[in-house]
Amino acid sequence: MTVQQAMTAATLDNTHGLGSPRAEALLAAARAMGPVLRERAAHCRAERKVPAETIADFQEAGFFKILQPEQWGGYAMDPQVFYSVGLEIAKHCMSSAWVLGVVAVHNWQLAVFDDRAAQDVWDKDTSVLISSSYAPVGKVTPVDGGYRLSGRWSFSSGSEHCQWAFLGAVVPTPDAPFDMMNYRTFLVPISDYRIVDNWDVVGLQGTGSHDIVVEDAFVPEHRTHRSLDGYRCDNPGNAVNDAPLYRMPFMQVFVRAVCTATLGALQGSLENFIEVARTRRVGPVPMSSDPHARQLAADVKTAIEEMKLTMLRNFDAMMGCTRAGEPIPVEDRVRYRYDSAVVADRCLELSGKMLKAAGSGGIRVGSDLLARHLDILASQAHVANHSTPFADNMGAVLFGEENRDYAV
């Protein structure tokens, strides 16, 4: 089967993609949550975590099941569905969308681990959640049956709602004490780590992205995942989870969690900007009649739709490859990775223009435009949204060099 045939077949038998009855129901649920998410947004920021009621709402709506394997009660739907839901949530509360994105995507990642890891996490309760911090800061000592792990990881979003954590570290060898080719993700239960409450930031306050500390915990081999397996799209979990969804490159799925929240927040900012334009005056005319304001609104709307279509197109192409049993070309993966990272840059620029055009009222405490702008600004701190190295790698590939990024 060719990629085009696979994409056509998926369109004809659309039970897991956009447009399916379940996808429409999920999107309807996300839209219906808008008013309550806006009501909770200030509380979310003040408490520095997504309210437990919101997490419960996400659970009830089935959002955490979207990428979860069917054998564990999930829906195993296409990523396009998951990120379309995230866009809707982010319009109203970016912190809530960020936590939903980076926590629920772990239900996909767990499926590529050895199946015994999923049994450890979900054997008694398939609603158990996992947080993460992938920075390779852990100290690893190989031992019989697994590893001893220690370290302190920052930025574990939503950690207070989770019972397990994915943590990054490099497994040392005699010849290479720190070689990123030996990078792994380690799955650790909450009984083996503590959360350090230190999330004090100017944007995305509600993500509760605290530090996690592990002190000499044993992690069995089956609760680790090699990044090279994710790059090759050939994982231990594929012995059980062999659907095309679970043949996707890990980073291509994960990074959309953070750029999607940023893009959804920009959609919310545009709605705020339109509200301001309806009441504010620019000299003798209403702001809504000002040519500059009109062009800015048009430019932002066009950019949003362009970025959304790019993300959907990229997933369509990747899923077409996995359905056809064909590898996703590396040069395409490099481009998809840059397409994702550059979203935060574009959103910050456009948000800044709207904030400036809104005038002095935009910088007052309580301004929705300002709050969203600070959230978008904070999103740039995530390494997945740092576009420069991905642009450099893409340019090098275009100039005929080999890909240098094995996280694409």
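The model is predicted, so local features need pLDDT of at least 70 and side-chain atom pairs count only at pLDDT 80 or more, while totals for chains, interfaces and linings use all residues. Residues are numbered from 1 along each chain as its sequence is written, and side-chain values use heavy atoms, leaving out hydrogens and water.

**Nonpolar cores**

- A nonpolar core is a set of buried Ala, Val, Leu, Ile, Met, Phe, Trp, Tyr and Cys residues joined through side-chain atoms within 4.5 Å; buried means under 20% relative accessible area, exposed over 50% and partly exposed in between, with a 1.4 Å probe and protein chains only.
- The largest nonpolar core holds 95 residues, and F63, I89 and L110 have the most contacts inside it.
- Helix α11 (residues 291–324) gives the most to this core, with twelve residues; helices are DSSP runs of H or I with at least four residues, strands are runs of E with at least two, and both are numbered from the N terminus.
- A second, separate core has 15 residues, including A169, V171, F186 and V219.

**Aromatic pairs**

- Rings of Phe, Tyr and Trp (its six-membered ring) pair if their centres lie within 6.5 Å; planes under 30 degrees apart count as stacked, over 60 as edge-to-face and the rest as tilted.
- By this rule there are 13 aromatic pairs.
- F58 and F63 make a tilted pair, because their ring centres are 5.6 Å apart and their planes meet at 45°.
- W108 and F250 are stacked, with 6.2 Å from centre to centre and 15° between the planes.
- W108 lies in helix α6 and F250 in helix α9 (residues 250–254), so this pair ties together parts that are 142 residues apart in sequence.
- Ring pairs link W108, Y134, F250 and F254 into a cluster.

**Cavity lining**

- F82, Y83, G86, A97, L100, G101, A257, T260 and A261 line the largest cavity, a cavity being a set of points on a 1 Å grid over the protein atoms alone where a 1.4 Å probe fits but cannot get out, and lining residues having an atom within 4 Å of a point.
- α5 (79–90), α6 (94–109) and α10 (256–279) each supply at least two lining residues.

**Positive phi**

- Most residues other than glycine have a negative phi.
- R48 has a phi near 60°, sits in the loop between α3 (34–47) and α4 (52–61), and is partly exposed at 25% relative accessibility.
- L204 has a phi of about 55°, lies in the loop between β5 (193–196) and β6 (210–220), and is buried at 4%.

Conventions. 1 Å grid on protein atoms, 1.4 Å probe; cavity = no way out; pocket = protein on both sides within 12 Å on 5 of 7 lines; lining within 4 Å.
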